[in-house]
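Please look over the sequence and the model below before reading on. The briefing that follows takes up a sheet, the helices lying across the sheet, and a pocket.

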Amino acid sequence: MTYLSQQPEAAPGMAGLRAGILSHLTYSLGKDPEHATTYDWRMALSIAVRDQIVERWFEATRATYQARAKRIYYLSMEFLIGRLLQDAITNLRLEDQAATALNELGLDFDTIVHDEPDAALGNGGLGRLAACFLDSLSTLGLPAYGYGIRYEHGLFRQSFVGGRQVEEPETWLLQRNAWEFERPEAKFEIGFGGSVSEKGAKAVWAPDEGVLAQAYDTPIIGWKGRWANTLRLWSAKPVLVFDLDQFNQGAFAAAAEQEALARTISRVLYPDDTTEVGKELRLKQEFFFTAASLRDLLRRFDSEGHDLRSLPNKVSIQLNDTHPAIAGPELVRLLHDERGLDFEDAVDIAQGCLSYTNHTLLPEALERWSETLMSRLLPRHVSLIERIDGLHAKKHPKSRVKVVEHGEIKMGELSFIMAHRVNGVSALHTDLMKSTVFKDLHAAHPDRIVNQTNGVTPRRWVLSANPRLSDLITKTIGTNWVGDLEQLSNLDDATSDPSFLEDFAAAKRANKVDLSNWLKTAHGMSADPDALFDVQIKRIHEYKRQHLNILEAIALWQAIRENPDAGWTPRVKIFGGKAAPGYVFAKDIIRLINDVALVLNSDPVTSPYLQVLYLPNYNVTMAERLIPASDLSEQISTAGKEASGTGNMKFALNGALTIGTLDGANVEIRDRVGAENFFLFGLTADQVDAERAMPDHASRAIAAEPRLGAALKAIARGEFSQTEPERFRSITDNVGGSDYFLVASDFADYWRAQREVDATFAKPDQWMGKAALNTARSGWFSSDRTILGYNSDIWHATSLLDG
């Protein structure tokens, strides 16, 4: 077995890095220092830092081939990697050299680093988890590829006009991406539509439409630069680039039509699927990147000369949610139709390679495709899915589960059946998977579901995002915690030391001052750093209950107005997050928050005690500003609906206290930090079902809680929308009516918990003690620990780092 040393060659000194920056400024950017812009300097620094990654990347690739090692392939529609320059500098331990080199060149390190745009490759927790996993896979020396789509315009850039969400395209690729390497030789034609014919016993699919999937590679370096893996993203290109005949006939637009249609596949993440063409585009995207990834990994497998039946011993394919679920039938097609394996053998081999991570208990979020649509786009795959369905029924006659049913193809069930392991992402979520969405499949396959509670990378989310706290931790327990986050438990004794708590509080307040200054400079918003910073940042969805949060803010505003001298704890509520373009109710919630903020923030009586801020275009970089400065983490989803969450972990690690329900990983966070250091409220998952079964649950809850009734009435009579009193009728009718996510039922207990928050924050020593214990006891929530769990229970790959 070939191993790489744990210790790479020494990083370049400051002089070497400075010389690299100047060299790339001249020879890669074509500029001299006198005429270079911030962009030029940032690109020169990025390429100089990338130089330090590439050789280690090559060494890791060579070591994997020499060891003939098993590789892990992580297929995900999203990789929310954010900015990579700071990440690379941190993992290579080049912070001092880079800052000094830039300073000697008359440049400010923060200005240069913050010039980099966020990579628009994801939306929420699904994509950020994938990015954390890539960091940990490289840190642990496990040979791996991330596979996804190189989106030109991402999800969208969010702004607010009149309180409404407005969507515009992201433009991150208008500038050169310093981190990627174009691979024109790594290209596969991906087909759609057409027909299937029989040639003897062999089925032959003849697509009538095709696009090229071209690879772009980004090296992902692990902690201390010991190993680098690859993020390979596919960009859609036309088979016929340009129709010169049409152009010469004057049909200029038609001449470029094939290029425009092909590029549509990799332009936008999650195109609006409320239309049939939107659904078709989404399915094309999912097949496009999955099919290209499978062909690529088989090409790599073939190059090593392995027997095809050994594929599960050399290849582990992790499906991150149902988006790449088509991998099951496509891999069977490649093995059966193209390589001649018996159908059942092909299914067995595919199952041995595939594993599936479920991220939702919401039935509507488990993808289902119209059988008509899939038959038109992927006719061969529909017939293979039907055969897979039949084979499963034959082997498990007592199972009532069908993948194809009532004209739909159920991708959650397909993913489960085609995987040898299925994992949940928190203990509660995994248990609920067994008893709800996959109850029947769990009965047929009782050993298939395992738990792998999510985690986050400490390099990005503590060391880099919160240098003040990181320095304090290192001063107290040494440096090894960055690679072994559970060493944070060594802080436990220090949390009762007044001098440590004083330093902890100073770090938090300095972070809050930084955030306050940025809010003023970048957004024209004011926030008193001595107030409680109460933060809810996540995609907007009814089950995440941002409307519960803003209803409590309205009720609090009314209470302060009624009795302004009651000794209120000053609070700044900060929201961030995007709503899917077609999700009307979620967009109504956004507008309500913005309209409420206009009224509350201009109220001279209440504004010293309560402000509401909604920051547009929430992304990774914004999270890195907000989380270290947060006092309170809002994790208030309806119990049983949030699979895990990772924001909750980031907040706890950075010394924010959680107000939350017993949902997702909140349960495990509370168990580890201590019930006394967590503000719990709300119904449990079991109680949710019982409450929802009562037809009048919402009206009863409102009648019993006058504060909620008064808040709803204020919205209904147009206090926040005076020119349009009916503007938020959808929200008031929902909360007062069906209220599926039980906002009304949980409101009273949420109010109680928030007042407990106020009382505790008013005692700074008590608050800081609890906050410090959250940091000390959250080390288990490292993505390194999660990846080790996946590898032990699912992948069975070997680390190629020596020692």
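## Helices, sheet and pocket

In this predicted model, helix α23 lies across strands β18 (571-576) and β19, and runs at about 140° to β19. The strands named here belong to an open sheet of 6 strands, ordered β19-β18-β17-β20-β21-β22, in which the pairing is parallel.

**Sheet**
- The edges of the sheet are held by β19 (610-615) and β22 (679-680), and because each has a single partner strand, one side of each is left without a neighbour in the sheet.
- Strand β21 (residues 657-660) runs parallel to β22 and is joined to β22 by 2 bridges, and glycine 660 has leucine 680 of β22 as its bridge partner.

**Helices across the sheet**
- Helix α23 (residues 584-601) has 18 residues, which at 1.5 Å a residue should span 26 Å, and this agrees with the 26 Å between its end C-alpha atoms.
- Of the 18 residues of α23, 13 are buried, so the helix is largely enclosed by the rest of the structure.
- Helix α32 (residues 764-776) lies across β17 (532-537), β20 (632-635), β21 and β22, and its direction is at about 90° to that of β21.

**Second largest pocket**
- The second largest pocket holds about 1400 Å³ of space, and its lining is made up of 50 residues, of which Leu463, Ser464, Ala465, Asn466 and Pro467 lie nearest its centre.
- Helices that each supply at least two residues of this lining include α19 (458-464), α20 (467-477), α21 (498-523) and α33 (783-795), and the largest share, 5 residues, comes from α20.

Terms used
Residues are numbered from 1 along each chain as its sequence is written. This is a predicted model: local features need pLDDT of at least 70, side-chain atom pairs count only at pLDDT 80 or more; totals for chains, interfaces and linings use all residues. Side-chain values use heavy atoms; hydrogens and water are left out. Helices (H or I, at least four residues) and strands (E, at least two) are DSSP runs, numbered from the N terminus. The expected span of a helix is 1.5 Å times one less than its number of residues. Buried means under 20% relative accessible area, exposed over 50%, partly exposed in between (1.4 Å probe, protein chains only). Two strands pair if DSSP finds at least two bridges between them. Contact means heavy atoms within 4.5 Å. Axes are lines fitted to C-alpha atoms, for helices over the stretch in contact, and angles run from 0 to 180 degrees between N-to-C directions. On a 1 Å grid over the protein atoms alone, a cavity is a set of points where a 1.4 Å probe fits but cannot get out, and a pocket is an open set with protein on both sides within 12 Å along at least five of seven lines; lining residues have an atom within 4 Å of a point. Grid points are joined across faces, edges and corners, and a volume is the space filled by probe spheres set on the points.
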